[in-house]
Amino acid sequence: TPACTRVDLAQHLLKRGEQVAVYTRWPMVFSDLPVAIRTLADRESETDLCNVANTLSGHDPHGRSNFAACCANAGLYEPVELRVDWPVRNVALTERIKRLADGRPIFVYQPLKRAQNSEQELIRPRIAAYNKFVADHSAYFRVRLGQTPFVESDRSAPCELDLLDRTSIADAFDIGTIGDFFFGESCFIPMLGEANDKRFAVMFTRRALQSDGRMRFMTPERLFHKRELGEAVYDES
């Protein structure tokens with residue numbers, strides 16, 4: 001599950017008085033929390049983990065969001081708030097962005113992800129439609145995030161501040177606290193906005209939703225937890 005989902009659940013367990021150990025590839029996300037940090041390899045010998053992982057491999061008969069299903073998979077059936085109480089670390093960065101925005105609302109996005117297999121290619125929107133959505137939001141101060149090992153190096157979409165390959169994961173979480181609108185595929189950036197109670201949009205592909213494989217279950221109903229904040233858009237492919 002995305003790092004921000006893990007932060008939410010870790011914070012919830014801590015508030016219950018639990019001792020928490022987190023198995024993660026993103027230790028910096030949890031560095032301010034009183035949790036034990038372990039590597040993903042360490043979990044191989046564990047048999048009693050409270051696992052928050054969840055897959056979109058089938059229809060959910062309960063009509064739950066993926067976040068709610070993650071909570072249930074971890075044995076948490078009480079309400080869990082999807083929220084990241086993130087203390088800003090790079091104040092100079094957030095203040096710089098707000099100064100450059102000069103009162104304009106802030107739009108945060110990243111280029112398309114690099115598809116690693118046929119399933120990821122299926123859900124990858126057409127670049128023209130994706131970049132047009134960014135271009136259509138010219139009233140915003142647009143900030144481009146991402147790391148090129150994971151996203152394309154494409155810089156053809158407009159932006160007012162290009163931070164591609166220029167920020168850390170912690171920096172991205174910092175920017176999440178000041179953004180007003182978040183856009184991307186089904187990925188980290190829209191969920192970062194959702195976890196900060198901000199508006200977000202996800203671009204879907206018709207070919208994935210109409211396919212026979214498990215990608216057809218990646219629907220707005222499954223991916224949006226705070227549905228009042230989310231906007232589903234389509235590339236019509």
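Okay, let me start with the contacts. If you take the contacts between residues at least 6 apart in sequence, 62% of them join residues that are at least 24 apart. Keep in mind that what you're looking at is a predicted model.

So what is it built from? We've got 9 helices and 8 strands in this protein. The radius of gyration comes out at 18 Å, close to the 18 Å from the globule rule for 237 residues, so the protein is as compact as a globular protein of that length.

Of the 237 residues, 48% count as buried.

Searching the whole structure turns up 13 aromatic pairs. Let me walk you through a couple of them.

Take F107 and Y140 to begin with: they pair edge-to-face, 5.8 Å centre to centre, with 65 degrees between the planes. What parts of the chain does that pair link? Distant ones: F107 is in strand 3, residues 106–109, while Y140 is in the loop between helix 5 (127–135) and strand 4 (141–144), and the two residues are 33 apart. And are they buried or exposed? F107 is buried, with a relative accessible area of 0%. Y140 has 15% relative accessibility, and because the cut-off for buried is under 20%, Y140 counts as buried as well.

Stay on Y140 for a second, since Y140 also pairs with F181. This one is tilted, 5.9 Å centre to centre and 40 degrees between the planes. Again the pair links distant parts of the chain: Y140 in that loop between helix 5 and strand 4, and F181 in strand 6, residues 181–184, 41 residues apart. Both Y140 and F181 are buried.

Which residues do the ring pairs link into a cluster? F107, Y109, Y130, F133, Y140, F181 and F183. So if you have the structure open, go to Y140 and pick out its edge-to-face partner F107, then its tilted partner F181.

That's it from me, happy to take questions.

Notes: Residues are numbered from 1 along each chain as its sequence is written. This is a predicted model: local features need pLDDT of at least 70, side-chain atom pairs count only at pLDDT 80 or more; totals for chains, interfaces and linings use all residues. Side-chain values use heavy atoms; hydrogens and water are left out. Helices (H or I, at least four residues) and strands (E, at least two) are DSSP runs, numbered from the N terminus. The radius of gyration is taken over C-alpha atoms; the globule rule is 2.2 Å times the number of residues to the power 0.38. Buried means under 20% relative accessible area, exposed over 50%, partly exposed in between (1.4 Å probe, protein chains only). Contact means heavy atoms within 4.5 Å. Rings of Phe, Tyr and Trp (its six-membered ring) pair if their centres lie within 6.5 Å; planes under 30 degrees apart count as stacked, over 60 as edge-to-face and the rest as tilted.
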